[in-house]
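Hi everyone, thanks for coming.

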Amino acid sequence: MTTILGAVVLGTPDPPALADFYRALLGWEEVDREPEWVRLRAPEQERPGLSFQLEADHTPPVWPQRPGTQQMQAHLDIQVDYLEAETRRACALGATLEELQPQKNVRVLRDPHGHPFCLFLPGA
């Protein structure tokens, strides 16, 4: 039996807008676009992909976690060659840098709809 991870799916109140952010950040291509669903993939690679589905009542997680708040169920780790330059580029695209940065070679950010993601250097 062969199994592969097909995609990671993020819930968002605006799938096309969030897909545009990640398409620009990752340099991936769009495969499908509907008002309630968008799928991206790396060039020359069908899977795994990154998809966005409509969640009209989306509540962004709180990070770092605090009891009684919306917890982060998952986040994306994105390897980069130049941490500071890619952090600035992500912020220029609409990400926000978190105040708490727990590791030297990792930057914790939030996408425009509040999902945490990390940029990290090889070996981090």
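Some housekeeping before that. This is a predicted model, so local features need a pLDDT of at least 70 and side-chain atom pairs count only at pLDDT 80 or more, while totals for chains, interfaces and linings use all residues. Residues are numbered from 1 along each chain as its sequence is written, and side-chain values use heavy atoms, with hydrogens and water left out.

Okay, helix H2, residues 83–93. Helices and strands here are DSSP runs numbered from the N terminus, helices being H or I with at least four residues and strands E with at least two. Which residues of H2 are buried? They are Leu83, Thr87 and Ala90. Buried means under 20% relative accessible area, exposed means over 50%, and partly exposed is in between, using a 1.4 Å probe and protein chains only. Looking down the axis of H2, the buried residues fall within an arc of 65°, so they line one face of the helix. That arc is taken from the directions from the helix axis to the C-beta atoms. On the face turned away from the buried side, you find the exposed residues Arg88 and Ala92.

What do the buried residues of H2 pack against? Helix H1 (15–26) and the strands S6 (96–97), S7 (106–110) and S8 (116–120). Contact, by the way, means heavy atoms within 4.5 Å. H2 lies across S6, S7 and S8, running at about 5° to S7. For that angle, axes are lines fitted to C-alpha atoms, for helices over the stretch in contact, and angles run from 0 to 180 degrees between N-to-C directions. Just after H2, Gly94 takes a positive phi of about 125°.

On to the strands. Strands of a sheet pair through backbone hydrogen bonds, either parallel or antiparallel. We call two strands paired if DSSP finds at least two bridges between them. There's an open sheet of four strands in the order S5-S8-S7-S6, with mixed pairing. Its edge strands are S5 (76–79) and S6, each pairing on one side only. S6 and S7 run antiparallel and are joined by two bridges, and Thr96 stands opposite Arg110 in S7.

Elsewhere, S1 (residues 7–12) runs parallel to S4 (residues 49–54), with six bridges. S3 (residues 37–41) runs antiparallel to S4, with five bridges, and Trp37 sits opposite Gln53 in S4.

Last, two side chains. His115 is in the loop between S7 and S8 and counts as buried at 9% relative accessibility. Its side chain reaches the backbone oxygen of Gly11 at 2.8 Å. Arg39, in strand S3, is buried at 9% relative accessibility. The Arg39 side chain makes a polar contact with the side chain of Glu46 at 3.1 Å. A polar contact is a pair of N or O atoms within 3.5 Å; within protein, one must be able to donate a hydrogen and the other to accept it, and residues adjacent in sequence count only if both atoms are side-chain atoms.

That's it from me, thanks!
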